[in-house]
Amino acid sequence: MSEPAESPGTRQIITPTRVVAGLCLLAPFIAMLWVGSYAKLEPTLIGIPFFYWYQMLWVLISTGLTTVAYKLVQREKRAAKGGAAK
């Protein structure tokens, strides 16, 4: 079966805003997959080994980066529709 032809208006265009949003979403994955960078006990933070508090810190950082990516994409969509950006 052949796939339906895409109309020119439905194609996704790579913009600098989307690249930045993608990097914001990719950063936590890279940080967590690079285990060698945080697989150690020292320094401790209030008795918690580095291995654990580093990962918990990335939970907060990931939340912030995901919010930034969402806001960037939403602002770009509003601008494309001709709306005012906030």
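Which residues is Y38 in contact with, leaving aside its neighbours within four places in sequence? They are A31, M32, F50, F51, Y54 and Q55. Contact here means heavy atoms within 4.5 Å.

The model is predicted, so local features need pLDDT of at least 70, side-chain atom pairs count only at pLDDT 80 or more, and totals for chains, interfaces and linings use all residues. Residues are numbered from 1 along each chain as its sequence is written, and side-chain values use heavy atoms, with hydrogens and water left out.

Start with the overall fold. The protein has two helices and zero strands. Helices (H or I, at least four residues) and strands (E, at least two) are DSSP runs, numbered from the N terminus. Of the 86 residues, 14% count as buried. Buried means under 20% relative accessible area, exposed over 50%, and partly exposed in between (1.4 Å probe, protein chains only). The accessible surface comes to about 7100 Å². Carbon and sulfur atoms hold 69% of that surface. Accessible areas come from the Shrake-Rupley method with a 1.4 Å probe; for residues, only the protein chains shown count as cover. Among contacts between residues at least 6 apart in sequence, 40% join residues at least 24 apart.

A31, Y38, F50, Y54 and W58 make up the largest nonpolar core. Helix α2 (residues 50-80) gives the largest share of this core, three residues. Such a core is a set of buried Ala, Val, Leu, Ile, Met, Phe, Trp, Tyr and Cys residues joined through side-chain atoms within 4.5 Å.

F50 lies in helix α2. F50 counts as buried because its relative accessibility is 11%. Beyond its neighbours within four places in sequence, F50 is in contact with S37, Y38, K40, L41, E42 and P43. From F50 to A39 the C-alpha to C-alpha distance is 7.8 Å, at 11 residues apart in sequence.

E76 is also in helix α2. Its relative accessibility is 17%, so E76 counts as buried. Leaving aside neighbours within four places in sequence, T15, T17 and R18 are in contact with E76.

Turn to the surface. I14, V19, L23, L26, F29, I30 and L33 form a nonpolar patch there, with about 780 Å² of accessible area together. Like charges are joined within 9 Å, nonpolar side chains (Val, Leu, Ile, Met, Phe, Trp, Tyr) within 5 Å. I14 sits in the segment before α1 (16-33). I14 is exposed, with a relative accessible area of 74%.

Definitions and conventions. Patch = residues over 30% accessible without salt bridge, like charges linked within 9 Å, V, L, I, M, F, W, Y side chains within 5 Å. Salt bridge = Lys/Arg side-chain N within 4 Å of Asp/Glu carboxyl O.
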